[in-house]
Amino acid sequence: MLDEPIHQKEYLVNGLIQTWDGPVQEVLSPVMISEGRDANPFLLGSYPLLTEKESLEVLDAAERAYSNGRGEWPTMPVEERIRHMELFVFKMTDKRQEIVRLLMWEIGKTLADAQKEFDRTVEYIRDTIEALKDLDRNSSRFVMEQGIMGQIRRAPLGVVLCMGPFNYPLNETFTTLIPALIMGNVVIFKPPKLGVLLHYPLLEAFRDAFPAGVINTVYGDGQAVVGPLMKSGRINVLAFIGTSRVADILKHQHPKPHRLRCVLGLEAKNPAIILPDASLDLAVNETVLGTLSFNGQRCTALKILFVHRKISEEFLEKFSQKVSSLMMGMPWEQGVQITPLPEPGKSRYLLDLIHDAEALGARVINEKGGEVHGSFFFPAVVFPVDSRMRLYHEEQFGPVIPVAVFDDIEEPITYMVQSDYGQQVSLFGNDPQQIARLIDPLVNQVCRVNINSQCQRGPDTFPFTGRKDSAEGTLSVSDALRVFTIRTLVAAKNSTQNKDLIKEILRGNQSAFLNTDFIF
Ligand code: G3H
């Protein structure tokens, strides 16, 4: 258990950790603690509920640090920015244990997954540094074309507002925040509603590793602190992982949306299609992982299964058995797979989805499916699901697994064509001809076709994006460096006078941009 509640009073603005003595938001853990006969959510602590005033002060600080691209950070040589980032990652690794513990207590992530989230994030930062060195090396040369010489690089965009999701509060936030920073932008970071306190141990590292105002934090109600930022028109990039509903609100708040670059990771309803010749044990293992890792609370989770009628009975029997054997328990228990759900009201929502499907002829087919104990929800396999039911269309983002049966492959394909989402699909089968025939149309529906494997984001060097309502912009270690920058160049006609001038600038190492230094 945590020794005592963490009452965070501080926020980071202009390189200073300010103390807030206004209203706070209590943080209740999804983990319930028995008190006599009752079980109540454990009080984890609290965080500041800042207002428009502090939010705009943070924005002023960020703008000052950027100084219209003339600030210390955006004009700093890449090698120096890398050194700041290395200092940050060094300080961050010291906080592993605290952050892992908070990931378990604040969002109910298992110990193994919490450790993985932390380690994967550190690795992401290190890979980002390497990718930037590579990018810089490739840009450290002149291009000669049609009598013009030019040096082309990527330059920052300005003030970036970073908002991550509750399910990967550290990792997904940092996959935007880190590349945004290292490329010379300045950042305002607002943690998700759930998963705030786990960032608290990093506040000092942020302060000490970066120049004043380069990274700032805001906390509180989105309408109160994010609305004014967007309405100010002074946010240049919105990096947001969450729902398309909120993304639309934020975008529309900006008075000049054409000036706003958006990097968005939104909803998904990734299907798995299980063909008649699939290796059943493998398909069962992968689809259980795909539907239920972190209780199904992954944007990449498999959120509907389409099983061919020929094998549906056998598949469902094995699948339900495996689901029912999953261990439910506290996040720190060894081997645990099903943990408490952090979103208040989530069990009610999931039960509503099940009742809607039941009213239309489906039923929960696994033992204990849909049982609720406090904040625990035992995974429910719902079958047969069809297009009249909410579970067929809505992203449940939780431990309910709709299963539909199909006779003709056109049925799941039509589902994908008509879906509002377009992130990934998993195909299970062994016939090369049939798999090949499916790959070609499906790559035009989604952005990753997984063969005999669950859907997932990693490895982080692979492009991660989606079509339709699922994403805007592409993230990967190297793509992220691109989305937070714009290509800009210095060019000159190839005259002796210009060559001499440029040579002189290079020789004197007088510009960070116009420079042929090679980062080793
Ligand atoms: O929630 C979406 C995450 O980016 C998924 O990442 O597939 O590695 O769990 P993952």
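Modeller: This is a predicted model, and the count of cavities of 30 Å³ or more comes to 6.

Biologist: Which strand gives the largest share of the lining of the largest cavity?

Modeller: The largest cavity holds about 100 Å³ of space. Its lining has 15 residues, with Leu264, Gly265, Leu266, Phe464 and Ala471 nearest the centre. Two elements, strand S12 (261-265) and strand S24 (471-472), each give two or more residues to this lining. The largest share, 3 residues, comes from S12.

Biologist: How many charged residues does the lining of the second largest cavity have?

Modeller: About 60 Å³ of space lies in the second largest cavity. Among the residues lining that cavity are Lys269, Asn270, Tyr415 and Gln424. Strand S13 (270-274), helix H13 (410-418) and strand S20 (421-422) each supply two or more lining residues. By class, the lining has 5 nonpolar and 5 polar residues, and the number of charged residues is 1.

Biologist: Which helix gives the most to the lining of the second largest pocket?

Modeller: The second largest pocket contains about 760 Å³ of space. Of its 34 lining residues, Asp113, Lys116, Leu289, Ser293 and Phe294 lie nearest the centre. Helix H4 (111-139), H5 and helix H9 (280-292) are the elements that give two or more residues to the lining. With 6 residues, the element that gives the most is H4.

Biologist: Why is strand S9 described as largely enclosed by the rest of the structure?

Modeller: Val186, Ile188 and Lys190 point one way from S9, while Val187 and Phe189 point the other way, and all are buried. Buried here means under 20% relative accessible area. S9 (residues 186-190) is largely enclosed because the number of its residues that are buried is 5 of the 5.

Biologist: What is the bridge partner of Met163 in S9?

Modeller: Strand S8 (residues 159-163) runs parallel to S9, and 5 bridges join them. Together with helix H5 (residues 171-182), these two strands make a right-handed β-α-β unit. Within S9, the bridge partner of Met163 is Lys190.

Biologist: Through which helix does the chain cross from S9 to S10?

Modeller: S9 pairs with strand S10 (residues 215-217) in the parallel sense over 3 bridges. Phe189 has Thr217 as its bridge partner in S10. The β-α-β crossover from S9 to S10 is right-handed, and the helix through which the chain crosses is H6 (residues 203-209).

How values were computed:
Residues numbered from 1 in each chain as written. Predicted model: local features only at pLDDT ≥ 70, side-chain atom pairs only at ≥ 80, totals over all residues. Heavy atoms only, no water. Buried < 20%, exposed > 50% of the residue type's maximum accessible area, 1.4 Å probe, protein only. Helix = DSSP H or I, 4+ residues; strand = E, 2+ residues; numbered from the N terminus. Pairing = 2+ DSSP bridges. Right-handed = clockwise from strand over helix to strand, strands pointing away. 1 Å grid on protein atoms, 1.4 Å probe; cavity = no way out; pocket = protein on both sides within 12 Å on 5 of 7 lines; lining within 4 Å. Points joined across faces, edges and corners; volume = space filled by probe spheres on them. Nonpolar A, V, L, I, M, F, W, Y, C, P; charged D, E, K, R; others polar.
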